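Biologist: Please show me the model. Then let us go through some of its strands.

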There are 2 protein chains.
Amino acid sequence: MLKIAMAQMEVIPGHPDQNTATILRMIKQAKAQQADIVIFPEMAVPGYLLGDTWEQPSFIRDCESYGQDIIAAAQGITVMFGNVAADWTKKNNDGRVRKYNAFFTAQDGELVQPDGSPYPFTIKTLMPNYREFDDTRHFFSLQKLARELGTTPAQLLAPLTLSIGDQDYRVGCLLCEDGWSDDYELSPVELLRHQGKVDFYVNISASPYTLGKNGKRNRVFGHEASEAGAPLFYVNCIGLQNNGKTVYTFDGSSTAYDAAGRVVISAPEYKESLAVVTLDEMEGMPACQPPEEPEIAHIYRALHYGVRRFLENIHMKKVVIGISGGIDSAVAAALYCDVLGPENLLLVNMPSVFNSETTKGLSQQLAENLGCRYMIVPIQHSVDHTIEQLEHTPVTLLENGTKKSLQVSSFVAENIQARDRSARVLAGAAAAFGGGFTCNANKAETTVGYSTLYGDQSGFLAALADLWKHQVYALAHYLNDVVYGREVVPQGIIDIVPSAELSAAQNVDEGKGDPIKYPYHDYLFRSFIERWQKATPEDVLIWYAEGTVEEHLGCEKGLVARYFPTAEAFIKDLERWWNLFTGMAIAKRIQAPPILAVSRRAYGFDHREAQNGPYYTRKYRELKAKLLQEA
Amino acid sequence: MLKIAMAQMEVIPGHPDQNTATILRMIKQAKAQQADIVIFPEMAVPGYLLGDTWEQPSFIRDCESYGQDIIAAAQGITVMFGNVAADWTKKNNDGRVRKYNAFFTAQDGELVQPDGSPYPFTIKTLMPNYREFDDTRHFFSLQKLARELGTTPAQLLAPLTLSIGDQDYRVGCLLCEDGWSDDYELSPVELLRHQGKVDFYVNISASPYTLGKNGKRNRVFGHEASEAGAPLFYVNCIGLQNNGKTVYTFDGSSTAYDAAGRVVISAPEYKESLAVVTLDEMEGMPACQPPEEPEIAHIYRALHYGVRRFLENIHMKKVVIGISGGIDSAVAAALYCDVLGPENLLLVNMPSVFNSETTKGLSQQLAENLGCRYMIVPIQHSVDHTIEQLEHTPVTLLENGTKKSLQVSSFVAENIQARDRSARVLAGAAAAFGGGFTCNANKAETTVGYSTLYGDQSGFLAALADLWKHQVYALAHYLNDVVYGREVVPQGIIDIVPSAELSAAQNVDEGKGDPIKYPYHDYLFRSFIERWQKATPEDVLIWYAEGTVEEHLGCEKGLVARYFPTAEAFIKDLERWWNLFTGMAIAKRIQAPPILAVSRRAYGFDHREAQNGPYYTRKYRELKAKLLQEA
């Protein structure tokens with residue numbers, strides 16, 4: 001009657017002291033519930049996304065020291081937990097101390113050595129080195145160790161034998177990616193299976209949330225359990241971890257799969273939880289059915305948790321949001337208001353001569369709907385003063401004494417407005433209010449840099465920058481319909497044409513707005529960044545020639561014909577955005593705020609980029625010439 | 001009489017078309033010089049630092065297609081070059097197409113297959129995965145291939161047999177890191193040596209410049225050549241490549257080592273060059289002696305080349321610099337003026353009530369010395385207007401109608417000034433002038449975030465942000481003494497106390513300035529980032545207790561006693577800066593401009609960091625308690 005406790009804890013990255021306190025507390029709780037084994041997540045002591053903190057030997061020793069406390073606390077219960085393990089006698093390939101991403105098992109104050117392992121812990125075999133993951137930068141894998149020792153991974157990876165009561169259990173110990181072996185030359189799950197009977201598997205993870213991952217994991221891990229004919233316990237952490245530019249929520253969603261691969265325990269998302277399962281009773285348990293929910297419900301939960309924890313981490317209790325009467329700032333306002341409460345949220349509307357009564361009214365209505373703090377700070381005087389100063393201050397070329405003045409074009413004046421709003425008003429208001437101000441950019445704008453640096457692109461966090469425009473609209477509906485249960489984001493804001501209102505050419509009342517045609521460009525841009533095989537103009541133009549653009553992009557049929565009467569128009573649009581995406585937008589993203597990730601691929605550390613300028617392949621140029629000639 | 005041409009070309013990252021044109025041109029030049037072999041750098045076709053462009057299959061196919069052009073051009077000459085190689089039948093561990101960092105050799109329009117290799121190219125064996133390098137993210141190493149094929153690297157790595165004239169030559173083909181094997185379990189150079197006689201080695205590289213690297217390479221590669229008793233040709237590219245946040249110059253410095261390990265050819269830094277060497281005559285050639293130069297001369301060359309190429313890459317011809325009368329902006333002005341000429345440089349002095357006549361005068365003098373464009377834009381009116389607007393605009397809490405106003409503290413007012421200068425004046429002036437404005441931060445300020453976000457921290461490039469303050473001073477002297485040969489940076493700017501002049505507390509005429517004590521903090525901060533084993537407060541406090549702080553940091557003796565009369569004062573200072581370095585400064589660096597790298601460790605992609613807040617190890621806390629108790 002083995003009782004296993006799955007300890008879904010919040011891991012605070014870079015704070016072994018706090019994590020160890022949580023672990024020690026949850027060990028007590030597990031003992032109080034008569035658990036025989038308690039399982040903690042991967043890297044439960046140090047945290048997972050730490051940048052180059054792994055290069056501080058004193059930090060590694062600190063993690064080892066806290067690990068000793070946990071081992072000592074394993075009395076009357078078996079404790080499984082993730083921590084960094086160092087071998088101070090060996091080096092990594094960077095010349096620094098050898099480090100492993102390790103799975104420890106402690107009993108009676110001692111570590112239990114896995115069969116076959118040269119160390120008293122299991123080493124992570126598969127090291128993700130794509131997307132936001134940098135495991136190979138810091139940790140030596142089991143394969144590399146096997147090579148070094150002149151042996152094979154199969155020789156080093158065997159189940160752990162655990163004596164509990166009068167019985168021996170053979171446990172397959174896995175760390176996160178070890179369970180995702182499809183693209184690797186070996187599968188740790190299979191290797192373990194070939195070493196004789198395994199009573200159950202344990203996968204300890206530090207797995208960031210992204211849309212759709214949980215469903216996929218249930219398929220992959222459920223299959224592994226049923227193939228092996230043994231239960232599998234997946235224990236993930238909750239919390240917020242970041243790589244600087246990209247911020248990840250960890251949703252927990254720890255899961256117990258029975259020997260048939262059914263989900264019998266599914267821990268709640270974003271909540272600490274200690275689920276206790278009796279091994280022999282799993283087959284009699286009903287299967288968990290995840291509730292049917294729209295995608296946006298998951299996104300909302302990730303955003304809400306992410307924003308809340310991010311604010312707590314940086315000790316920010318008050319937030320300022322510049323609202324324009326447009327959809328992005330309105331959704332941001334409703335989201336933050338839900339997190340912080342209306343008294344801690346200051347909305348600021350900053351009209352210039354180009355802002356319509358319509359959007360000024362909608363801003364007011366939004367603020368009233370939320371009941372938060374509100375102020376109106378006109379920017380025209382300041383903008384006029386800036387333009388006047390720039391145009392009337394003499395510029396002297398001192399080598400010959402000639403004088404000239406600067407000319408402010410209308411394009412330059414647009415950006416002066418945007419910077420005046422953010423860097424002058426919002427930054428000042430936020431500091432005076434005792435908080436920060438937000439960046440409300442969406443992913444389409446972020447893709448092509450449709451924003452002003454030090455203007456609307458600035459802020460302490462870009463919470464919506466991993467959402468396409470259509471997802472921002474879906475979130476507006478979800479906030480009104482589900483979260484608030486009333487019209488918080490005014491319908492007028494949902495209906496109005498998206499516009500920056502920075503010039504007379506962007507008059508919303510005349511239906512003039514952004515140059516981005518979201519129903520098409522959301523999907524075009526997505527193909528540049530989110531496809532596993534990233535698309536370039538070459539791919540898009542091939543699809544255009546085939547007449548399969550909408551099918552490949554996943555957007556509404558008929559849009560290409562509607563928007564682009566000719567091949568020339570299609571190509572002009574494609575190049576316009578590709579030039580921005582791979583040009584100025586990169587310069588802007590380099591200086592963008594941290595982005596809260598929800599998609600398969602977020603900007604920042606998950607999509608690394610160099611400021612190398614636009615490029616078109618030879619094949620693209622040939623196909624373009626052909627299409628233009630035919631036209 | 002084998003003649004070998006070392007083609008030190010500029011590689012434009014992400015532009016295979018341009019690189020191939022350069023290669024084809026240099027093949028012709030090499031043929032005109034009767035060379036038998038011409039050698040191009042690693043990744044000469046695609047470039048090296050491309051971010052996730054490697055995830056675009058169309059880009060990979062484009063590189064393959066240009067590779068075919070180069071192979072076809074190998075007529076009457078043997079061409080060696082680096083390119084990406086794809087095996088479209090296999091996958092990488094991320095599920096994308098298999099990619100190798102490959103060394104191609106072409107003769108008579110065909111590839112020459114290396115002995116032992118399953119492919120008609122040599123695969124890079126050692127993959128750097130530290131500092132700014134991400135090789136393992138995209139490329140499959142020879143070791144991984146050996147594992148996949150059930151064999152060993154030794155079986156796959158053999159010299160290439162090259163028939164030229166009537167003779168066969170056995171060539172050891174290496175790619176960059178393959179020559180830096182100290183911390184790896186195998187050495188490609190030794191493996192090749194054990195496969196029989198090697199006539200010469202070729203190491204094709206894409207090796208970014210950092211201070212001191214060339215001297216080290218001459219020791220390591222010279223040793224390899226002499227151990228092997230065979231000449232070694234090291235061919236590196238020139239150019240500018242970047243990882244977004246961090247910008248690297250590639251200095252070339254291609255080198256031929258004779259069989260005794262002597263340097264007999266040393267190509268110029270940062271210049272295209274085609275050096276032709278006759279293999280049999282190398283031993284009779286005189287050894288090259290690198291000129292004796294101070295460190296700052298190398299730094300200046302890297303900065304000058306980096307700034308020039310960065311501007312060219314982004315098509316920026318004009319630059320605006322805000323000058324304060326302080327050292328950082330003065331050095332930046334002198335550097336940019338040297339690159340762009342005085343007519344393309346606009347210096348802007350932006351006094352508030354806190355700016356002294358002293359610094360205003362020094363600014364004017366600097367601009368006159370340079371003879372560039374100059375304007376004075378006072379900011380007091382705008383700052384006063386902003387404070388007045390913020391303090392007098394009612395803030396209404398709409399849920400109950402209560403009104404309040406914001407209060408602008410003197411600290412908030414300091415940042416308002418900084419943002420007014422950069423985001424309002426400089427950004428506007430730069431746009432009107434048709435260029436960008438610079439960030440003049442040094443590395444000490446960047447370490448602790450002693451700057452204002454959207455204020456002095458902003459700009460299109462931070463050219464000095466990898467220089468400690470003492471290096472900025474050294475550069476001022478070098479600019480005056482060597483580059484200009486006259487006093488361009490006024491002596492008054494070199495002598496004045498560094499100060500932000502944002503409040504009455506920072507009065508330069510009273511000798512009041514920055515809280516950073518550069519002679520000590522430069523070195524303390526350096527230990528946090530540049531040491532291979534990164535120091536933390538634990539290490540520093542242990543050194544303090546031992547009385548070895550200055551020795552470990554490498555700063556002037558006696559500074560600790562001079563600055564910190566008590567342990568309490570020492571600890572207070574240490575924690576103040578550590579809290580900033582691992583706290584707010586990370587938030588600022590996330591939004592900082594690209595940094596031009598010159599040191600062993602630059603901020604950005606070379607020093608990855610997460611916004612996780614300050615942490616002190618248990619050992620630190622214990623030692624601190626002990627020291628404070630003793631006091």
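Biologist: What is the bridge partner of Val202(B) in β10(B)?

Modeller: This is a predicted model, where local features need pLDDT of at least 70, side-chain atom pairs count only at pLDDT 80 or more, and totals for chains, interfaces and linings use all residues. Residues are numbered from 1 along each chain as its sequence is written, and chains are lettered from A and ligands numbered from 1 in the order in which they are written. Strands (E, at least two residues) and helices (H or I, at least four) are DSSP runs, numbered from the N terminus. In β10(B), Val202(B) has as its bridge partner Phe233(B).

Biologist: Why is β10(B) largely enclosed?

Modeller: A residue is buried if 20 or more other C-beta atoms, placed from the backbone, lie within 10 Å of its own; 12 or fewer make it exposed, and in between it is partly exposed. Leu232(B), Tyr234(B) and Asn236(B) point one way, Phe233(B) and Val235(B) the other. β10(B) is largely enclosed by the rest of the structure because the buried residues number five of the five.

Biologist: Which residue of β13(B) is the bridge partner of Phe233(B)?

Modeller: Two strands pair if DSSP finds at least two bridges between them. β10(B) and β13(B) (residues 255–257) have three, in the antiparallel sense. The partner of Phe233(B) there is Ala256(B).
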